[in-house]
Amino acid sequence: MLNVALPKGRLGENVYRLFEAAGFPCPSLLDGSRKLIFENEEAQVRYFWAKPSDVAIYVERGAADIGVAGKDILLEYEPDVYELLDLQMGKCRMAVAAPKDYQDDSRYTLKVATKFSRIAREYYTSIGRDIDIIHLNGSIEIAPILGLSDVIVDIVETGTTLKENNLEVIETIVPISARLIANKSSFKFKQAQIEKIVREMSK
Amino acid sequence: MEFNIDVLDESEKIIFALRTLYRSQGYRRYRMSKFEEYDLYSRNKDFLVSDSVITFMDLNGKLMALKPDVTLSLIKNNKDKPEEIQKLYYNENVYRVQKGSDSFKEIMQAGLECFGAVDPACISEVLMLAAKSLDLISPDFMLEISDLEILSFFLDRIPVSGDVRRELLKCVSEKNRHEILHLLRSHEVQEQYGQDLIRVLELYGGPDHVMEGLRDLCAEKGLEEEVERLTRVISVFRESAYKDRILIDFSAVSDLNYYNGIIFRGFISGVPEEVLSGGQYDRLMKKMGRKSRACGFAVYLNKLQGIMR
């Protein structure tokens, strides 16, 4: 039985279609039920919905053999997993955003609000800028408005939220998309199944 | 003295079985009876599984460490005899912080080391003992073998800085083909280098499945000697019961500052991470001023809780 962790939400549903096309269908998955675990004995596959940021943990700890996670999560948590495919879905970018007309003053420590502390720290270390990280769990956009931070590091998809809050992207750190990941141990024991999925999905 | 074996719990049984196995093959026990100075570990920090070490001040004022590792101490306290082969095993508690944890844990570890004139026959023996150790824990295991000499050839020819090289190595360990290509493209490196590296990575699976393709690729690049040595080392499994438990996989990497040549990792079905890891570490020996070559492995007994319940 192959255990697959899917990110809850629209991306997860689209990703499931790829698995279905690769020969691992589980029709009950999309029937609108509130169940979280779905199994298809015949296709030897079990799917479950997980919070997108948790998928990597399920896979790293072996509760799921494979899963789909955003590159943002993989960069932030650095789970010890295989990254087998770039699915070219859920595309967005990790970016630095600031209030319009913001000018960085390098005499002061830069205050950065973000959910992605590691990514922010590594980015600013790479350009040699001294920063103070303010870790937030949501609504990052309000931090500069309230004076909590100078800039934010966050995911930007269309930029609408930023615009509505009078912010703009000043630097793109890294492009993001959904990746197929696998547990390193599971890969050894379920190699044929996982390889089939990779082969079909990369077509 | 008599005692009933039922008083032992599963992990104790495994420890005694491993010790019996290693002894039967002529390995001598090493006991880490004293503490080492912190300096020994801080000089070789990257060799340690976790870089946090418990330190304390000894009565003479020296800064000491509560054993985070056994191998370094073993090298330090063992006389360098490069012409002979010395075989040692150990079974000790070590103190480490595991990934994602914020506290130290006492971890039972067993392992063995071969020092001296380590040749392919000796590496074969260590590999076979690694397979037997895994089999003692569970017959449903896989032993994954890589050769850093071969992998290094494909990495070293790529003209990038040390930082990018480290990133590349991480991609290799993740089987991350798309990121390798992306990384090389963004540093304007010839695509052929990336394609060759990916070709090596795609050669994984059982030796019967992999070796022919690897021989072809290595012949193209003038690596006949390297592939010949790998073939010789793994030939020990050809007629063995473990034939189908061996995987060649170049995504298995270790720190290239310490390790060289053959490295390997063991997995047990149902355990999400490696339970055994080892390889040749001539570079570490050299760093510590030894002329001996070395090869060994450790079994992480703490990771077996899940299957013992």
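A salt bridge here is a side-chain nitrogen of Lys or Arg within 4 Å of a carboxyl oxygen of Asp or Glu. With that rule, a search of the whole structure turns up 36 salt bridges over all chains. Please keep in mind that this is a predicted model, in which local features need pLDDT of at least 70, side-chain atom pairs count only at pLDDT 80 or more, and totals for chains, interfaces and linings use all residues. Residues are numbered from 1 along each chain as its sequence is written, chains are lettered from A and ligands numbered from 1 in the order in which they are written, and side-chain values use heavy atoms, leaving out hydrogens and water.

**Where the chains meet**

The contact (heavy atoms within 4.5 Å) draws 25 residues from chain B and 24 residues from chain A. The buried area, meaning the accessible area (1.4 Å probe) that two parts lose on being put together, summed over both, is about 1800 Å² between chain B and chain A, and carbon and sulfur atoms give 50% of it. Lys99(B), His178(B) and Pro272(B) supply 28% of the area that chain B buries against chain A, more than any other three residues.

Four salt bridges are counted between chain B and chain A. In one salt bridge, Lys188(A) joins Asp249(B), with the closest N and O atoms 4.0 Å apart. On the side of chain B that touches chain A, β7 (141–147), α6 (162–173), α7 (177–186) and β9 (260–268) of chain B each supply at least two residues. Helices (H or I, at least four residues) and strands (E, at least two) are DSSP runs, numbered from the N terminus.

**The sheets of chain B**

Strands count as paired if DSSP finds at least two bridges between them. The two open sheets compare as follows.

| Strand order (chain B) | Pairing |
|---|---|
| β1-β5-β6-β11-β10-β9-β7-β8, eight strands | mixed |
| β2-β4-β3, three strands | antiparallel |

In the eight-stranded sheet, β1 (28–29) and β8 (246–248) of chain B are the edge strands, each pairing on one side only. Five bridges join β9(B) to the antiparallel strand β10 (residues 276–280) of chain B, and Phe264(B) stands opposite Gly278(B) in β10(B). Helix α1 (residues 10–24) of chain B packs on this sheet, touching β1, β5 (85–97), β6 (104–116) and β11 (293–300) of chain B, and its direction makes about 160° with that of β5(B); axes are lines fitted to C-alpha atoms, for helices over the stretch in contact, and angles run from 0 to 180 degrees between N-to-C directions.

In the three-stranded sheet, four bridges join β3(B) to the antiparallel strand β4 (residues 63–66) of chain B. Phe56(B) faces Met64(B) in β4(B), while Met57(B) stands opposite Leu63(B) in β4(B). The hairpin of these strands has five residues between them, and there Gly61(B) takes a positive phi near 90°.
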